[in-house]
Amino acid sequence: MADIIAIVLVALFGITGSLLMVLSAIAMFRSNDALSRINVFSPATGLGMPLILVAAYVYTLWQDGFGLMRLFMALVGFLSLIIVSSVASNVLSRSVFVAGAPVWRRTSPNRLAEARDDEDAGLTERETWGDFDITDLD
Amino acid sequence: MINPLRLIGYCAWIGKEIVSGSLDVVSGIFKPGEYGNPMIVQLPLRCRTDVEITLMASSITITPGTLVVATAAGDDDTPPTLFVHALFGDSEDDVLEGLYDMESRLLTMTRGEAPAEIGWPAAPGSPAEGAAS
């Protein structure tokens with residue numbers, strides 16, 4: 001019985017994590033500029049990798065039994081993955097911004113290019129199309 | 001000192017946000033047409049200390065669909081400001097509402113009490129305390 005539970009848990013976490021990796025890669029192909037690509041790989045780094053780590057921990061728990069050191073390593077790894085991937089995404093997006101990479105022209109509103117006015121409240125995104133042509137990627 | 005129970009509650013809420021944001025990113029793949037609805041919004045913060053601002057920026061970035069692009073330091077007149085790239089919001093107001101909700105939860109965690117409500121929409125450059133009255 002314990003074997004079945006362990007196998008099911010390892011499969012569930014491992015396959016979900018791997019699928020998130022693949023789907024994030026597809027999302028990176030679908031998106032249009034560097035900022036969006038950094039944005040959509042967050043599921044892979046923030047959820048996919050920790051899930052694969054959980055699968056690996058459940059596997060060692062099943063094979064080798066419970067150990068306090070193993071649990072500690074898994075917890076540190078889990079927290080580090082989330083914190084490091086967050087900081088890394090921040091650094092990447094900051095460097096994209098500083099390097100002046102083009103922003104997709106339909107990124108609207110773009111508050112880095114145009115400050116918010118009081119009358120903008122309640123405007124939907126579609127109504128302001130074409131007002132800001134930062135860089136034409138197409 | 002941060003209450004450990006509040007810290008655990010906040011981490012659980014961030015975990016929920018990561019899962020729902022991941023679902024947004026994944027479900028966006030299967031929709032035809034252009035991917036997402038990108039916008040860069042300006043977020044004046046009520047956070048004051050470096051720890052609060054860092055935690056806020058990290059929380060925003062770890063949530064799939066939102067990404068901190070640039071930061072602006074605050075002084076006596078202007079609050080510290082983040083510029084957030086959001087991919088799946090319906091409108092600017094919608095995105096800002098979600099970010100202010102996250103900030104309120106974060107400040108409740110770090111300060112032990114709910115922060116003052118921000119008068120919305122806050123004019124750019126106006127101090128958050130003045131807008132709260």
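Visitor: What percentage of the contacts in chain B between residues at least 6 apart in sequence join residues at least 24 apart?

Guide: The value is 64%. Two residues are in contact if their C-beta atoms, placed from the backbone, lie within 7 Å. The model is a predicted one, in which local features need pLDDT of at least 70, side-chain atom pairs count only at pLDDT 80 or more, and totals for chains, interfaces and linings use all residues. Residues are numbered from 1 along each chain as its sequence is written, while chains are lettered from A and ligands numbered from 1 in the order in which they are written.

Visitor: Why is Thr63(B) called buried?

Guide: A residue is buried if 20 or more other C-beta atoms lie within 10 Å of its own, exposed if 12 or fewer, and partly exposed in between. Thr63(B) has 24 other C-beta atoms within 10 Å and is therefore buried. In chain B, buried residues make up 41% of the 133 residues.

Visitor: Where is the place of Thr63(B), and which residues does Thr63(B) touch, not counting residues up to four places away in sequence?

Guide: Thr63(B) belongs to the loop between α2 and β2 of chain B. With those neighbours in sequence left out, Thr63(B) touches Glu17(B), Ile18(B) and Gly21(B). The C-alpha atoms of Thr63(B) and Val19(B) are 8.4 Å from each other, although 44 residues separate the two along the chain.

Visitor: How many helices and strands does the secondary structure of chain B come to?

Guide: Chain B has 4 helices and 3 strands, in the order α-β-α-β-β-α-α from the N terminus. Helices (H or I, at least four residues) and strands (E, at least two) are DSSP runs, numbered from the N terminus.

Visitor: What makes β2(B) and β3(B) pair?

Guide: Two strands pair if DSSP finds at least two bridges between them. β2(B) and β3(B) have 6 bridges in the antiparallel sense, and so they pair. Ala70(B) has Phe83(B) in β3(B) as its bridge partner. β1(B) and β3(B) also run antiparallel, joined by 6 bridges, and Val41(B) stands opposite Val84(B) in β3(B).

Visitor: How many residues does the contact take from chain A and from chain B?

Guide: It takes 40 residues from chain A and 34 residues from chain B. On the side of chain B that touches chain A, α1(B) gives the most, with 7 residues. That side divides into 22 nonpolar, 10 polar and 2 charged residues; Ala, Val, Leu, Ile, Met, Phe, Trp, Tyr, Cys and Pro count as nonpolar, Asp, Glu, Lys and Arg as charged, and the others, Gly among them, as polar.
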